[in-house]
Amino acid sequence: MAGLEEALFSLFSKKDEIQEWLGKKRETVPLPIYGSFDIRDAGWKAVVVDSNAFPAGFNNIDPQDHSEISHQLTKWFENLDNTPKRILLWPEAHTRNPGYLENVQVIKSLIDASGIEVLVGTDLLKPQTVPTSLGDLSYIDVDVTDEIVLADGKDVDMVFLNADLSDGPLHISGVNVVPPNHMGWHSRSKCRHFEHVSDLVHEVGDLVGIDPWLIGPWGFISRGRCLEDLTCRERLAGEIHEGLEFISGKYKEHGIDSQPSLFIKNDKGTYGLGILRIQSPDEILNLSKRKMNRLTYAKGGKDAEDFLLQEAVPTFLKFNNSVIEPVGYGVNGEVISWFYRSNDKHGVLDNLNTPSTKFILDKDLSEKASLEINARRWLHELVANISMIAMGRENIDHESSPEE
């Protein structure tokens, strides 16, 4: 495996310096209360390919990690000027997916363990009790005005979001909303996140003397691409050509024998919607209506306007003949829990965020897979923690924006 294998020696030899660098960077940003990070490890390159500010897979994490996650949540709340005593956990209102409801139940229990009262509901959900495999989940009556949020008729100190706000922000000003409204997909940009990641991995590259491309994905935002119009597709094809040429050059530089490809993603998309892998500019020029609809469709039926062109990174990690990708979960600015997406129906370059994907824990891995992953765990933690710091920088972007 070319590229990263040599760079790993430089990374591990300066592990202490990198940990110190991470600590200093965390001091410069508002630490996200939580987040999740999808990682692709090609053997010759390891990167975060997607980050989620409202992670919805807490039901998939190892229960052994629950106590540490609760501890970190408590620390985050205690670092606030006023520690909340009564929180409204605000879930997605559009889904009754059993896995998602289990996720909400786990988040509630993790905050409960901090001693804070947690209620669950939104103004779009009627009061009800929903059965889950982890016990009954009760939604309470919620009344929202600009200044107050009432849960079962009483004030709450905080709204804790586990909804990605694809349809727009919550119109609440009198109660602290966490994570903040602007991290929702109505305004957040994947490309802007990865611009921050790029800046940070370049700093690491300078610190340890490696090519930052080995720990950061190439990406470029293509704005206002009306795919139905041939002129728009021709401009997009030109951008795709430039991206593939850049990646091809990196492959040659690092002795990688592979054909480069790109993912085209909705810049504000989620849940694996609006994603298409492409290996040639001609593919976008001759895009079928079905693929065009797939690419432009976003959650809630909204059309995509801007696209992120992102390097497609394969995964060399496997378990029981299935490709796998690590998913890191972070709390209080630090990634502390892991599980793996596994899919025997997909190849090394395919999107694994699909209904057929299974979730496995460290304890489920074979000895061979476990040794392979544990040998690279610190590297996965590094790129995930860099992405979490980049999330903090996104918050600073919003605070300094003249628009709001």
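Trainee: Why is D41 called buried?
Mentor: The relative accessibility of D41 is 0%. Buried means under 20% relative accessible area, exposed over 50%, and partly exposed in between, with a 1.4 Å probe and protein chains only. A value of 0% is under 20%, so D41 counts as buried. Note that this is a predicted model: local features need pLDDT of at least 70, side-chain atom pairs count only at pLDDT 80 or more, and totals for chains, interfaces and linings use all residues. Residues are numbered from 1 along each chain as its sequence is written, and side-chain values use heavy atoms, with hydrogens and water left out.

Trainee: What makes the contact of R376 and D41 a salt bridge?
Mentor: A salt bridge needs a side-chain nitrogen of Lys or Arg within 4 Å of a carboxyl oxygen of Asp or Glu. For R376 and D41 the N to O distance is 2.6 Å, so the pair falls within 4 Å and counts as a salt bridge.

Trainee: Why is this pair said to tie together separate parts of the chain?
Mentor: R376 is in the loop between helix 9 (367–374) and helix 10 (377–400), while D41 is in strand 1, so the pair ties together parts that are 335 residues apart in sequence. Helices (H or I, at least four residues) and strands (E, at least two) are DSSP runs, numbered from the N terminus. R376 has a relative accessible area of 7%, so R376 is buried.

Trainee: How many salt bridges does the structure hold?
Mentor: There are 17 salt bridges. One of them joins R341 and D38, whose closest N and O atoms are 3.0 Å apart. This pair links distant parts of the chain, since R341 is in strand 18 (residues 334–343) and D38 in strand 1 (residues 34–41), 303 residues apart.

Trainee: Why are R341 and D38 both described by one accessibility class?
Mentor: R341 has 9% relative accessibility and counts as buried. D38 has 10% and also counts as buried.

Trainee: What makes D123, D141, D143 and D152 a patch?
Mentor: Patches are made of residues with over 30% relative accessible area and no salt bridge; like charges are joined within 9 Å, and nonpolar side chains (Val, Leu, Ile, Met, Phe, Trp, Tyr) within 5 Å. Lys and Arg count as positive and Asp and Glu as negative, with His and the chain ends not counted. D123, D141, D143 and D152 gather in such a patch on the surface, and its charge is negative. D143 is in strand 7 (residues 142–144).

Trainee: Why is the phi of L165 pointed out?
Mentor: Most residues other than glycine have a negative phi, and most peptide bonds are trans. Phi of L165 is near 55 degrees, a positive value in a residue other than glycine. L165 is in the loop between strand 10 and strand 11, and its relative accessible area of 8% makes L165 buried. N320 also has a positive phi, near 50 degrees. N320 sits in the loop between strand 16 (318–319) and strand 17, and at 59% relative accessibility N320 counts as exposed.

Trainee: What kind of peptide bond joins V178 and P179?
Mentor: The bond is cis, with omega about -15 degrees. P179 is found in the loop between strand 11 and helix 5.

Definitions and conventions:
Accessible areas come from the Shrake-Rupley method with a 1.4 Å probe; for residues, only the protein chains shown count as cover. The place of a charge is taken as NZ of Lys, CZ of Arg, CG of Asp or CD of Glu.
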